[in-house]
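Biologist: Hi! Could you walk me through this one?
Modeller: Gladly, let's look at it together.

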Amino acid sequence: MPEVPNKITIDRRRHKVFVDGVEFPWYIAQRGPDVEDLANRDALPIVTIPIIANDVEVIPETSDGSDESNYRG
């Protein structure tokens, strides 16, 4: 199982994100990251980073067609 980062720093002025001190290496969409539960001390914050990509493939959880199968952007 992947580890949880110790600290994510969002520098809105410079449009950069750092994960445990390492700069996020990909272009982030203009709207920037969103943070959930930042003010809730009883929950771990969740950071959503909108990443720009030339192509996206979504592999569904099931094969019954109920989830997205492929998206090409």
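**Surface and strands**

Modeller: The protein chain exposes about 6,700 Å², and carbon and sulfur atoms supply 50% of that area. Accessible areas come from the Shrake-Rupley method with a 1.4 Å probe, and for residues only the protein chains shown count as cover.

Biologist: What kind of model is it, and how do you number things?
Modeller: This is a predicted model, where local features need pLDDT of at least 70 and side-chain atom pairs count only at pLDDT 80 or more, while totals for chains, interfaces and linings use all residues. Residues are numbered from 1 along each chain as its sequence is written, and side-chain values use heavy atoms, with hydrogens and water left out.

Biologist: How many helices and strands are there in the protein chain?
Modeller: There are 0 helices and 5 strands. Strands are DSSP runs of E, at least two residues, and helices are runs of H or I, at least four, numbered from the N terminus.

Biologist: Which strand does strand 1 form a hairpin with?
Modeller: Strand 2, with 4 residues between them; His15 in the turn has a positive phi of about 55 degrees. The two pair in the antiparallel sense over 4 bridges; pairing takes at least two DSSP bridges.

Biologist: New topic: is Asp11 buried or exposed?
Modeller: Asp11 counts as buried because its relative accessibility is 16%, and buried means under 20% (exposed is over 50%, partly exposed in between; 1.4 Å probe, protein chains only).

Biologist: Where is Asp11 found?
Modeller: In strand 1, residues 8–11. Its bridge partner in strand 2 is Lys16.
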